[in-house]
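Here is a briefing on one protein chain. Look over the sequence and the model, then read on.

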Amino acid sequence: MKTVKEPLGVRSLESIEDFSETRLEAIGFIFHGVSAAGDKPLAMRSTSNLLHFARCTKLEKVPEAEGKIWFRSIKVALQHLDETPGKKRWKWCKLCEREITQRILDES
């Protein structure tokens, strides 16, 4: 059990049950990969350090061993990820990025 208080709208997904339940709710965003600047540095792979919509089908392929964090809003997610692990150490899932781009185009 963590003693560190997490910011409002941010939750570590500690178990596979918690991860599955969060995906079923399909609200918010899920990040997976190296979550803290103090973690051992890993080579950036296309399958790690990605931010997804909670309902993204690519999340089904995420290894259980990778750290996962849920965010209620995109604003909170961007702020958290730009600070930890850092701006250049994460990116959007390609499918989710396309969906966001399409939403912006549809709204304009």
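His32 stands opposite Lys68 in strand E4. The model is predicted: local features need pLDDT of at least 70, side-chain atom pairs count only at pLDDT 80 or more, and totals for chains, interfaces and linings use all residues. Residues are numbered from 1 along each chain as its sequence is written, and side-chain values use heavy atoms, with hydrogens and water left out.

**Overall layout**

- The chain holds three helices and five strands. Helices (H or I, at least four residues) and strands (E, at least two) are DSSP runs, numbered from the N terminus.
- Along the sequence, the pattern reads β-α-β-β-β-α-β-α.
- The chain has 108 residues, and 34% of them count as buried. Buried means under 20% relative accessible area, exposed means over 50%, and partly exposed lies in between (1.4 Å probe, protein chains only).
- Take the contacts between residues at least 6 apart in sequence: 68% of them join residues at least 24 apart. A contact means heavy atoms within 4.5 Å.

**The sheet**

- Five strands make an open sheet with mixed pairing, in the order E1-E4-E2-E3-E5. Its edge strands are E1 (10-12) and E5 (91-92), and each of these pairs on one side only.
- Two strands pair if DSSP finds at least two bridges between them.
- Strands of a sheet pair through backbone hydrogen bonds, either parallel or antiparallel.
- E2 (residues 29-33) and E4 (residues 67-71) run antiparallel, joined by five bridges. Within this pair, Ile30 has Trp70 in E4 as its bridge partner.
- E1 also pairs with E4 in the antiparallel sense, over three bridges. Here Ser12 stands opposite Ile69 in E4.

- Axes are lines fitted to C-alpha atoms, for helices over the stretch in contact, and angles run from 0 to 180 degrees between N-to-C directions.
- Helix H3 (residues 94-107) packs on the sheet too, touching E3 and E5. The direction of H3 makes about 55° with that of E3.
- Which residues of H2 are buried? They are Ala77, Leu81, Pro85 and Gly86. The buried residues of H2 pack against E2, E3 and E4.
- An α-helix has 3.6 residues a turn, so residues three or four places apart point the same way.
- H2 spans only 16 Å between its end C-alpha atoms, whereas a straight helix of 13 residues would span 18 Å at 1.5 Å a residue. The expected span is 1.5 Å times one less than the number of residues.

**A buried histidine**

- His52 sits in strand E3 (residues 50-53). His52 counts as buried because its relative accessibility is 1%.
- The side chains of His52 and His32 make a polar contact (3.0 Å). A polar contact is a pair of N or O atoms within 3.5 Å; within protein, one must be able to donate a hydrogen and the other to accept it, and residues adjacent in sequence count only if both atoms are side-chain atoms.

**Salt bridges**

- How many salt bridges are there? The count comes to two. A salt bridge is a side-chain nitrogen of Lys or Arg within 4 Å of a carboxyl oxygen of Asp or Glu.
- One joins the side chains of Arg11 and Asp18 (3.8 Å, N to O). Arg11 is partly exposed at 29% relative accessibility, and Asp18 is partly exposed at 23%.
- Arg55 and Glu99 also meet through their side chains in a salt bridge (2.4 Å, N to O). This pair links distant parts of the chain: Arg55 lies in the loop between E3 and E4, Glu99 lies in helix H3, and they are 44 residues apart.

**An exposed loop residue**

- Glu60 belongs to the loop between E3 and E4. Glu60 is exposed, with a relative accessible area of 61%.
- Glu60 and Arg23 are 37 residues apart along the chain, and 9.5 Å separates their C-alpha atoms.
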